[in-house]
Amino acid sequence: MHNKILFVFLSAEASVKQPLNDRVRGVVAEKLRAGSLWKKLARDLRVTDPVIDAIEEDENGDGQECCSQALRKWRESNGACATNRKVMICLTNMGYGNVNWHIMRELDLVLRENMPQAERS
């Protein structure tokens with residue numbers, strides 16, 4: 001039993017350390033679509049203000065698309081260092097750690113029925 005738990009932990013750790021993929025990017029963009037939450041995340045990920053401004057203009061202020069594009073730009077400029085874990089840490093620091101449940105769900109690390117009731121939507 002101990003070996004199985006260790007395997008699950010190591011597997012989860014490996015998934016979280018993977019570079020951000022399009023599915024996770026989509027989940028985060030959907031959850032942060034309101035207002036300018038995406039800008040806070042982008043700044044925390046060290047996306048520069050000129051890039052943020054250009055994204056906002058290109059996407060006509062659509063929060064979901066802006067967030068998605070900011071994450072894409074971050075991923076492009078940081079390569080393999082642009083991990084799910086870094087996004088999850090930023091979300092937690094922003095006070096949006098609940099979004100991490102959705103990321104873990106997308107990474108098949110948690111079943112929907114094991115998520116808090118409020119996060120099952």
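1. The largest nonpolar core holds 27 residues, and V28, L41, L71 and V87 have the most contacts inside it. A nonpolar core here is a set of buried Ala, Val, Leu, Ile, Met, Phe, Trp, Tyr and Cys residues joined through side-chain atoms within 4.5 Å; buried means under 20% relative accessible area (1.4 Å probe, protein chains only). Two or more residues come from each of α2, α3, α4, α5, α6 and α7 (99–106). Helices are DSSP runs (H or I, at least four residues), numbered from the N terminus.

2. A word on the source: this is a predicted model, where local features need pLDDT of at least 70 and side-chain atom pairs count only at pLDDT 80 or more, while totals for chains, interfaces and linings use all residues. Residues are numbered from 1 along each chain as its sequence is written, and side-chain values use heavy atoms, with hydrogens and water left out.

3. Take a look at L41. Leaving aside neighbours within four places in sequence, L41 is in contact (heavy atoms within 4.5 Å) with V28, L32, C67, L71, V87, C90, L91 and M94.

4. Helix α5 covers residues 63–78. Its buried residues are G63, C66, C67, S68, Q69, A70, L71 and W74, and they pack against α2 (22–31), α3 (37–44), α4 (49–58) and α6 (84–94).

5. Both ends of α5 are worth a visit. Just after the helix, G79 has a positive phi of about 55°.

Conventions:
Expected span 1.5 Å × (residues − 1). Buried < 20%, exposed > 50% of the residue type's maximum accessible area, 1.4 Å probe, protein only.
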